[in-house]
Amino acid sequence: MTKKADLETLRHSASHIMAQAVVELFPGVKLGIGPSIENGFYYDFDMPEQITSEDLPKIEKKMKEIIKSNAKFEKIEMTKEEAAQFLEEREEKYKIEILHEIPDKMVTFYKHGDFIDLCRGPHVRYTKEIKAFKLLSIAGAYWHGIETNPMMQRIYGTAWASKEDLDNYLTSLEEAKKRDHRKLGKELDLFSMHEEAGAGFVYYHPKGAMVRYLIEDFMRQENLKRGYEMVAIPHIAKIDLWNTSGHTNYYRENMYFMQIDEQDYVVKPMNCPGHILIYKRKLMSYRDLPVRMFEFGTVYRYEKSGVLHGLLRVRGFTQDDAHIFCRLDQLEEEIVSVLEFIDFVMKTFKFEYEVNLSTRPEKFAGTEENWDKATEILKKALKHKKMPFEIDPGAGVFYGPKIDIKLKDALGRTWQGPTVQVDFNLPQRFALNYTAADGTKQTPVMVHRAVLGSLERFLGALIEHYAGAFPLWLAPVQAKVLPISDRHNNYAEKVAAELRQAGIRVEVDQRKEKIGAKIRDAQLEKIPYMLIVGDNEADAGQVAVRHRSEGDLGAEKTAELLAKLRRDIDSKA
RNA sequence: GCCGCUGUAGCUCAACGGUAGAGCAACUGAUUUGUAAUCAGUAGGUUGGAGGUUCAAAUCCUCUCGGCGGCUCCA
């Protein structure tokens with residue numbers, strides 16, 4: 001028996017029971033859809049009155065009554081005509097719409113107690129089998145997810161096979177809440193957003209900026225090691241550039257426009273056209289390829305106000321962006337080495353990941369033939385790297401297919417991360433070329449790739465992944481020296497200076513507080529090492545080492561500690 | 001953008017038509033302290049902004065700017 005399918009059945013049945021409860025409590029409700037989803041279920045209702053979270057306990061109570069009544073789930077078959085008539089009588093207009101979309105002649109309804117709903121099933125046999133559920137939230141949702149359709153009221157719930165599973169899930173929700181990067185970002189003084197400066201724009205505080213700098217520095221080194229060259233480009237360019245690239249056609253709704261000297265300019269939403277101009281500065285030979293350009297490129301994209309979310313969805317962000325210009329015969333190898341790079345970086349940050357291959361969308365540039373060719377090469381590269389992947393049909397960008405990688409964090413949640421995109425289109429639009437061995441002009445292929453994606457989003461994911469307790473190499477403050485009393489301040493400064501000299505990021509807590517308070521505050525700041533110094537340490541030239549998670553580690557010479565820190569930092573443990 | 005909720009001191013929250021309050025943080029003083037909060041005092045707010053209703057608005061209404069949960073979209 002497959003446990004997953006059982007849970008889906010259970011959750012779907014729970015959604016039916018919720019629908020019954022809602023119908024009974026709120027007359028005049030029209031039913032939308034009520035599927036099971038990851039970890040739970042929802043049901044969409046079109047109803048005359050607005051429900052609030054205060055109604056949830058009432059609905060839950062009604063559901064419990066229904067469950068207790070232990071009604072049997074019965075399957076009822078009807079022809080489409082019978083079903084249509086049945087639904088017409090009940091004026092279930094959304095259900096009628098669904099009915100019309102079903103190709104089969106016969107359709108099924110499921111009935112329990114007085115409640116009957118058009119449904120494919122399957123369901124549990126009796127309502128009593130729903131042993132552990134909880135309603136979680138209410139939200140608006142367009143019918144069929146289309147903006148011009150009516151807004152339904154959606155109720156989300158969760159259901160599990162046992163009370164224990166439910167409690168575990170609720171606990172993990174709590175844990176996720178504690179790790180929320182917006183909360184930790186404030187508590188750890190990493191970044192902020194400002195109403196007066198605009199939504200979706202991030203201000204990095206010294207500590208947040210330090211983490212970002214450390215990530216950038218690491219990535220800079222790794223890119224250089226792999227044959228990328230650094231470039232830098234302006235943030236605005238005349239609209240002509242974006243007409244040539246096609247962005248004014250395909251990406252218009254995400255772009256910011258401005259005027260300078262009566263000329264139209266665009267704030268860059270992508271870095272590729274800039275890198276292309278650099279490619280075009282001189283004649284390229286086949287011997288020059290591949291050309292790999294890398295930069296931390298800041299881009300600005302208009303996003304609907306309702307979708308902005310902490311660091312994960314913003315209007316201005318910086319990508320660790322690179323463009324590889326190569327010959328077609330070099331493409332697969334380049335993709336393979338990018339995949340290798342990605343794997344290395346993800347391991348460094350201790351992320352697991354999943355791979356998706358996104359194919360041609362409806363709105364696309366270039367020829368179908370080129371799209372197919374590119375998609376094949378991506379597939380081959382993935383197979384070569386033995387990376388399991390799933391195909392996401394129609395999810396490619398307008399200029400080419402892409403490999404998207406989803407990170408899995410410490411709680412098993414997924415985050416959009418690295419992306420690799422093949423592009424036959426831009427090289428043509430910009431008439432890029434190189435001189436082949438036979439002297440003819442050939443068009444290069446372009447690969448867009450970002451390993452971290454956006455630094456903002458990646459930092460958000462990292463904060464939640466580590467719950468704010470950055471590993472030593474990324475910690476904005478790696479050690480804090482805590483003098484027992486203020487007569488130890490001098491020695492504390494001496495220790496700090498010695499560590500700082502060796503490149504350790506260290507602070508001294510000279511406040512007139514008891515050692516317990518200093519430790520508590522350092523713990524809350526999630527600083528990896530607390531170095532306590534009093535008479536004993538000052539006399540012996542030592543520090544009493546306390547680690548944020550391992551506790552008291554005893555006293556040792558500053559030089560010994562330093563060597564240990566160095567080792568951990570270098571290995572990025 | 002749309003639906004719902006929400007915005008009070010640096011932070012976390014209270015006051016729910018009748019003169020805006022607490023804890024923490026900050027500042028001052030005392031304490032000189034050994035592994036997660038020493039004590040006392042001081043200062044701090046045109047209640048996000050603009051209009052309106054009312055004798056009276058943090059509280060009710062309208063608009064606006066943010067935030068939160070979704071829809072949709074994406075790095």
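Student: Which residues lie nearest the centre of the second largest pocket, and how many line it?

Tutor: In this predicted model, the second largest pocket has a lining of 20 residues, and those nearest its centre are Asn39, Ala176, Gly412, Arg413 and Thr414.

Student: How is a pocket found at all?

Tutor: A probe the size of a water molecule is rolled over the atoms, and this shows where empty space is left. For the second largest pocket that space comes to about 670 Å³.

Student: Which elements supply the lining of the second largest pocket?

Tutor: At least two residues each come from helix H5 (163-179), helix H6 (181-187), strand S20 and helix H14 (455-465). H5 gives the most, with 5 residues. Read by domain, the lining takes at least three residues from domain 1 (3-170) and at least three from domain 2 (213-465).

Student: What is the make-up of that lining by class?

Tutor: The second largest pocket is lined by 6 nonpolar, 7 polar and 7 charged residues.

Student: How much space lies in the largest pocket, and which residues are nearest its centre?

Tutor: The largest pocket holds about 1,100 Å³ of space. Its lining counts 33 residues, with Tyr251, Met270, Arg301, Val397 and Lys402 nearest the centre. By class, these 33 lining residues divide into 12 nonpolar, 11 polar and 10 charged.

Student: Which strands supply the lining of the largest pocket?

Tutor: Strands S16 (316-326), S19 (402-408), S20 (414-423) and S23 (445-454) each supply at least two residues. The largest share is from S23, with 5 residues. S20 supplies at least two residues to the largest pocket and at least two to the second largest pocket.

Student: Now the RNA. Which residues come nearest RNA strand B?

Tutor: There are 54 residues around RNA strand B, and Glu195, Arg313, Lys512, Arg520 and Glu537 come nearest. Of the atoms of RNA strand B within 4 Å of the protein, 49% belong to sugar and phosphate.

Student: Which element gives the most to that surface, and what is its make-up by class?

Tutor: Helix H16 (residues 515-524) gives the most, with 7 residues. The surface near RNA strand B has 17 nonpolar, 16 polar and 21 charged residues.

Student: Where do side chains come to a base nitrogen or a phosphate oxygen of RNA strand B?

Tutor: Read such pairs by the distance between N or O atoms. A polar side-chain atom of Asp486 is 2.9 Å from a base nitrogen, and an N or O atom in the side chain of Glu303 is 3.2 Å from a base nitrogen. On the phosphate side, a side-chain N or O atom of His309 lies 3.4 Å from a phosphate oxygen.

Note on methods:
Residues numbered from 1 in each chain as written. Chains lettered and ligands numbered in written order. Predicted model: local features only at pLDDT ≥ 70, side-chain atom pairs only at ≥ 80, totals over all residues. Heavy atoms only, no water. Near = heavy atom within 4 Å. Polar contact = N/O pair within 3.5 Å; in protein donor to acceptor, adjacent residues only side chain to side chain. Helix = DSSP H or I, 4+ residues; strand = E, 2+ residues; numbered from the N terminus. Nonpolar A, V, L, I, M, F, W, Y, C, P; charged D, E, K, R; others polar. 1 Å grid on protein atoms, 1.4 Å probe; cavity = no way out; pocket = protein on both sides within 12 Å on 5 of 7 lines; lining within 4 Å. Points joined across faces, edges and corners; volume = space filled by probe spheres on them. Domains from an automatic or database assignment.
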